[in-house]
Amino acid sequence: MIKSILPLSAIIALRFFGLFLVLPVLSVYAINLHGATTTLVGVVIGGYALTQMIFQVPFGVISDKLGRKGTIITGLLLFAIGSIFCAISDDILMLMVGRFLQGAGAIGAVVTAMISDLVKEEQRPKAMATMGMFIGISFAASMLIGPTLGSYAGVETLFYLTAVLALGSIVLLLKTVPNPPKIRHTYNGKAKLSQILGNSNLLKMNITNFLQKGLMTFAFMIIPMVLIKNFQWELSDLWQVYLPAMIFGFITMAPAAIIAEKKGKFKEILALGIVFFAVSYLIIGTSTSSTFFVIGVVIFFIGFNMHEPIMQSLASKFAKVHQRGLVLGIFNSFGYLGTFIGGLLGGMFFEKVSLLTLVIVIALICILWIILILTMPNPEKKKLSYIPLTDEYMKNTHNLDTIEDIDEWYINDTENIIIVKYDSDKIQEDTILNILK
């Protein structure tokens, strides 16, 4: 598993690193371009997420029909081209086009689907958590490198670096990632959009991703602008807020992932992270000194890094195996919509509404969000059996549909096995084998 998952996790992490790299300094850079307004700056910050949201599902469908690797390469090329557009932009509209192009390479769901292709189901939560950890690490590193490198070499250099990383990721993909196996699954039924959208637990996860990404984008909208405008910081000083945020956020990731995955405390970790969001924004909105403002930012990124390693894994746990690609596509689309809305609303209201009013509204939203999360159950742990696909067993697979304690079953034709997920507290593998005889 490690040989295939680490390169894929590195590819998606490098892509996110490229996106995150400019976020700490993008608002103060964009506001100085020709034609800029705070609303347009908000669109620039969150604009990539709009095209991400639009192209998530189409890229997933294309990858199913034409293959994962080719689709990922196409997405990385679009991302590189968009980054170059951003680097050479001399006005706000061209920068906006570049950000839209960056987002058009929507490979997040494709990489997740490829991970699902390459690992067994019981290994997928660990694989998803690994990918989440890599994303969290890239996020933390970008908080330090972005403002430091941007202040000395220029924000344009960050965009050029992003393009180079995208092209390097293509080489990494071709050299180190194996082709996914050709697997034909046989399911009890096809994935239905109405079932997924009507699943209350999946809906709560989609809302969580929307709000989390929206608050992140809004934070990146206001942090550099407030520090520079209200506290007279220089662009080169921003590392002093992002460095402690990176350190404390990074320290928080591993314990949060372990408690959630090993102890099954997913909703508790999510709720605690939301508490940190509310507290952080209240501190940010009421700070009269840069020291307290920095403390608020650090608390925000602690909460964010508690969420990031477990979000994909938790969403996948509420989906049947044949729904997982569609479920994660919708989940990612909600997150990107939140990213875009967070930037747009931040730009619209930043100069029209006091920061104190904004953070009070955010705190109230967080309270409602916590209540929503606490109504969601932690997913139960299920056991999987891998049964040889004999002619006798194949004839009797329909009997599995009658057993209430069997969560789902499907056939892996490549490995010639039947895979059964069941509640081991209520039924044993011997019973399942007898049902198939």
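**Close-up views of a predicted model**

View 1. Ser 142 has its place in helix H6 (residues 124-153), where helices (H or I, at least four residues) are DSSP runs numbered from the N terminus. At 0% relative accessibility, Ser 142 counts as buried, a term that means under 20% relative accessible area with a 1.4 Å probe and protein chains only. Leaving aside its neighbours within four places in sequence, Ser 142 is in contact (heavy atoms within 4.5 Å) with Phe 17, Phe 20, Leu 21, Pro 24 and Pro 147. The model is predicted, so that local features need pLDDT of at least 70 and side-chain atom pairs count only at pLDDT 80 or more, whereas totals for chains, interfaces and linings use all residues. Residues are numbered from 1 along each chain as its sequence is written, and side-chain values use heavy atoms, with hydrogens and water left out.

**View 2. The largest nonpolar core and Leu 95****.** The largest nonpolar core has 120 residues, and those with the most contacts inside it are Leu 95, Phe 159, Tyr 281, Phe 300 and Phe 301; such a core is a set of buried Ala, Val, Leu, Ile, Met, Phe, Trp, Tyr and Cys residues joined through side-chain atoms within 4.5 Å. Helix H1 (residues 2-30) contributes the largest share of this core, 16 residues. Apart from this core lies another, of 14 residues, among them Tyr 393, Leu 400, Ile 432 and Leu 436. Not counting residues up to four places away in sequence, Leu 95 touches Leu 26, Tyr 29, Ala 30, Leu 33, Val 44, Cys 86, Ser 89 and Phe 159.

**View 3. Packing of helices H9 and H12****.** Helix H9 (residues 200-229) and helix H12 (residues 290-307) pack at an angle of about 155°, with their axes 12 Å apart; the axes are lines fitted to C-alpha atoms over the stretch in contact, and angles run from 0 to 180 degrees between N-to-C directions. H9 and H12 are therefore roughly antiparallel to each other, the term for angles over 145 degrees. Gln 212, Leu 215, Met 216, Ala 219, Phe 220, Ile 223, Val 226 and Leu 227 of H9 meet Phe 293, Val 297, Phe 300, Phe 301, Phe 304 and His 307 of H12.

**View 4. Packing of helices H3 and H5****.** Helix H3 (residues 68-87) and helix H5 (residues 108-118) pack at an angle of about 155°, with their axes 10 Å apart. Arg 68, Lys 69, Thr 71 and Ile 72 of H3 make the contact with Val 110, Val 111, Ala 113, Met 114 and Asp 117 of H5.

Conventions
Buried < 20%, exposed > 50% of the residue type's maximum accessible area, 1.4 Å probe, protein only. Helix = DSSP H or I, 4+ residues; strand = E, 2+ residues; numbered from the N terminus. Parallel < 35°, antiparallel > 145°, perpendicular 65-115°, else oblique.
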